[in-house]
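Here is a quick tour for someone meeting this structure for the first time. Have a look at the sequence and the model, then read on.

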Amino acid sequence: YGTQRINENGKLEIGGVEAEGLAETYGTPLFVYDVKDIRNRAEEFHDAFRAQSVNYQIAYASKAFSCIAMMELARDLDLSLDVVSDGELHTALEAGFPAERIHFHGNNKTPEELEMAVKEKIGCIVVDNFTELTWLMALTESEKTEMEVLIRITPGVEAHTHEYISTGQEDSKFGFDLNSGQADEAIRRLLDHPFLKLQGVHSHIGSQIFRAEGFEEAVKEIYRMIRKWKESMNYYPQVLNVGGGFGIRYAESDKPLPLHVYIDRMVTAAKEEAEAMNEPVPEIWIEPGRALVGEAGTTLYSIGARKDIPDVRTYVSVDGGMTDNIRPALYQAEYTALLANRAAEETEETVSIAGKCCESGDMLIWDLDLPAVNQGDILAVFATGAYGYSMANNYNRILRPAVVFVEDGQHEIVIERETLTDLTRRERKYSKAAAVQK
Ligand code: LLP
C-alpha cells in the first residue's frame, strides 16, 4: 500500500518511518497515515478530470476520516469538502477550510445546522427531503441570503455492495425518489424560490464499488429525468454530482479499478447525454472518501493474550478492536495484516485476531498467516484509513487511539490519544447518590 515497504532490517516502513518505532514513540493502538499516498490519490483524481477537459470538483467525503490536519490537507490538495454535521463543518472551519468549497449533506440536518451553514456561507447544501426544503426556504427568506443547493435524488441503481452501504436504490432514507414525481415537485419549488439557487443534481449509489458501469448507469438514469425536466419546466442542471464510493483494496481478493476508469466512464456518459440534448456538459462533481484515505491508513496494535483451542483455532488478541475498527463486526469487512517488527519472516502459524471488547463479534481478522506470534509483537492492519477512526467509539470505556501522519521520513501527531481523564471529563456526580469519602 502506498509508500509502504519492508526495509533491509526486515521491518515494515511507512512513509520512510519504521512502524515499530512509531508504536514505541506513540503507543498502540495507533493510526498511521501515509500522507504521500493521500496526495497521490488526490492527484490521480485531478489528472483524470483534467484529461477529460471538464469542469469538476472533487469533494472529500470527510466522514471517512475527519480531523483538523486532514481538513488542512484536503484544502492544500484543492479538494472540496462533503460534511454531514455541524461537527464536521466546525472541524473544517477550524482548519481554515474555505467555506465556499464546503458541501453540506445529510437526511436530517437540524434547523440549527442549516442556520450555521447559511451564516458561514458554505458552497452548497444538498437538499435531501421536503422537511429540509421547507426549513431552508423559511431560513433564507428571513435572513435574506441566497444559498446554492443541489437536490439529492435516488437513481434506482444497485451498487452491488453490502446492503448497509448501498444507498442508490429507491427504498432508501436518502434523497428524493424519481418515480413518484417528488423530485420534480422539489425542483419546481426551488426554481420558484427567490433565495435558493438550484445548481444541479446529486446522487450517490453506494460504497466500495468495483463496477464503473454503476456510475455510467446513474448518469444515464439522471439524464432520463433531466430530459423530462427540460421539457416540463425548462430546467437543465449546471452541476452533476455523482457521489463517492470508489472501491479500494482491503484484502488480496479486492481488485479496484484505476481511478481514472470510473471518471472516464461517468464523464463520457455525461458528455454523450449532453450532446444528444444539445446542451452543455455540466460540471462533474464527485465525493470520494475511502478512495482518498482508506489505503493510506494503517493501524498498529500490540499483541497480547493468546488462546489455543487444540484442533480448532488460535485466538491472538490485540489492544484495540471494534472500538477503533467496527467494520469487520458491522459489515463482515476483511483486512490483511502482518507483524511490523518481523515483516520479512516466513509465516508459521494461522491465527485469528481478536479485539479486546466484551463481545464475541469483536474479531478483526479470521485465519491470518503469521510467523509464530509473540506477546509484544506489533501487528499492522492495512487499509484502515477510512471509517476506522471516524467510527471509533468508547465501548467498554476503551480509549480512542492516537493518529500520526508520516511523510518523507518524518512523523507528526495529529490527534492525541484519549486519556482516562478525558473519559470522565464531561460527567457529573448524581446529587441523590450517597456521598463517598475519597
Ligand atoms: N457521498 C455520500 C453522499 C455518501 O453517503 C458517502 C458515504 C460518500 C460520498 C463517500 O463514500 P466512499 O467514497 O467513502 O465510499 N461506514 C461505511 C461507509 C458508509 C458510507 C456512507 N456514505 C464503511 O465503513 O464502509
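Start with tyrosine 315, whose bridge partner in strand E17 is serine 352. Bear in mind that what you're looking at is a predicted model. That pair belongs to a parallel pairing: strand E15 (residues 313-318) and E17 are joined by three bridges. E17 also pairs with E18, this time antiparallel, through five bridges. One of the residue pairs there is threonine 350 with aspartate 369 in E18. As a general point, side chains in a regular strand alternate between the two faces of the sheet.

Between E17 (349-354) and E18 (363-370) there's a loop, and glutamate 359 sits in that loop.

The unreviewed entry lists Arg290, Arg327, Tyr331, Glu359 and Tyr387 under "binding site". These residues span 98 residues of sequence, and they're spread out in space as well, with up to 26.7 Å between C-alpha atoms.

Take arginine 290 from that list. It lies in helix H10 (residues 290-293) and counts as buried because it has 26 C-beta neighbours inside 10 Å. Setting aside residues up to four places away in sequence, arginine 290 touches Ala64, Ser207, Ile248, Ala386 and Tyr387. Tyr387 is itself on the record's "binding site" list.

Now for lysine 63, in the loop between E5 and H3. The unreviewed UniProt entry marks Lys63 as "modified residue: N6-(pyridoxal phosphate)lysine". Which residues does lysine 63 contact, leaving aside its neighbours within four places in sequence? They are Val84, Glu88, Gly289 and Ser390.

| Residue | Other C-beta atoms within 10 Å | Class |
|---|---|---|
| Lysine 63 | 21 C-beta atoms | buried |

Last stop: helix H3 (residues 68-76), where Met70, Met71, Leu73 and Ala74 are buried. Viewed down the axis of H3, these buried residues fall within an arc of 160°, so they line one face of the helix. In an α-helix, residues three or four places apart point the same way because there are 3.6 residues a turn. The cover over the buried residues of H3 includes helix H2 (35-51), strand E5 (56-61), strand E6 (80-83) and helix H4 (86-94). Just after H3, aspartate 78 adopts a positive phi of about 60°.

Technical notes:
Residues are numbered from 1 along each chain as its sequence is written. This is a predicted model: local features need pLDDT of at least 70, side-chain atom pairs count only at pLDDT 80 or more; totals for chains, interfaces and linings use all residues. UniProt positions are given in the numbering used here, feature names are shortened, and annotations may be inferred rather than shown by experiment. Helices (H or I, at least four residues) and strands (E, at least two) are DSSP runs, numbered from the N terminus. A residue is buried if 20 or more other C-beta atoms lie within 10 Å of its own, exposed if 12 or fewer, and partly exposed in between; C-beta atoms are placed from the backbone. Two residues are in contact if their C-beta atoms, placed from the backbone, lie within 7 Å. Two strands pair if DSSP finds at least two bridges between them. The arc is that of the directions from the helix axis to the C-beta atoms.
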